[in-house]
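Please read them alongside the sequence and coordinates.

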Amino acid sequence: VGTIGENDRTEYSASSTEFVINVTEYGDVGGRIKGTFSGEAKSPASQTLPITKGEFDVERRADL
């Protein structure tokens with residue numbers, strides 16, 4: 001929990017909850033990895049935040 005500039009933020013964790021992740025595209029290195037996710041995150045005070053329509057679209061990097 002904190003403020004950066006004019007942005008308030010609260011950190012949540014998914015370490016004790018379940019998430020469903022669907023990868024819909026997995027390109028070659030330099031290409032895209034796309035998909036959706038849903039689940040429930042918890043704040044340090046155990047408040048829950050349902051996530052129902054999460055999406056991701058990131059560049060695939062070389063494996064380490």
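**Notes on the predicted model**

1. Arginine 60 is placed in the segment that follows β5 (48-59); the model is a predicted one. Although arginine 60 is buried, it forms no salt bridge. Its nearest side chain of opposite charge is that of aspartate 63, at 4.3 Å, which lies outside the limit because a salt bridge requires nitrogen and carboxyl oxygen within 4 Å.

2. The side chain of arginine 60 does reach the backbone oxygen of glycine 27, at 2.9 Å. Leaving aside residues up to four places away in sequence, arginine 60 touches Tyr26, Gly27, Asp28, Val29, Gly30, Gly31 and Ile33.

3. Strand β3 (residues 19-26) lies largely in the open, because zero of its eight residues are buried. β3 pairs with strand β4 (residues 32-42) in the antiparallel sense over seven bridges, and valine 20 stands opposite serine 38 in β4. The two strands, β3 and β4, form a hairpin with five residues between them. In that turn, glycine 30 has a positive phi of about 95 degrees.

4. How many salt bridges does the whole structure contain? The search finds two. One joins the side chains of glutamate 25 and lysine 34 (3.8 Å, N to O). Glutamate 25 is partly exposed at 35% relative accessible area, and lysine 34 is likewise partly exposed, at 28%.

5. Arginine 32 and aspartate 57 also meet through their side chains in a salt bridge (2.8 Å, N to O). This pair links distant parts of the chain, with arginine 32 in strand β4 and aspartate 57 in strand β5, 25 residues apart. Arginine 32 counts as partly exposed at 31% relative accessibility, and aspartate 57 is partly exposed at 42%.

How values were computed:
Residues are numbered from 1 along each chain as its sequence is written. This is a predicted model: local features need pLDDT of at least 70, side-chain atom pairs count only at pLDDT 80 or more; totals for chains, interfaces and linings use all residues. Side-chain values use heavy atoms; hydrogens and water are left out. Helices (H or I, at least four residues) and strands (E, at least two) are DSSP runs, numbered from the N terminus. Buried means under 20% relative accessible area, exposed over 50%, partly exposed in between (1.4 Å probe, protein chains only). Lys and Arg count as positive and Asp and Glu as negative; His and the chain ends are not counted. A polar contact is a pair of N or O atoms within 3.5 Å; within protein, one must be able to donate a hydrogen and the other to accept it, and residues adjacent in sequence count only if both atoms are side-chain atoms. Contact means heavy atoms within 4.5 Å. Two strands pair if DSSP finds at least two bridges between them.
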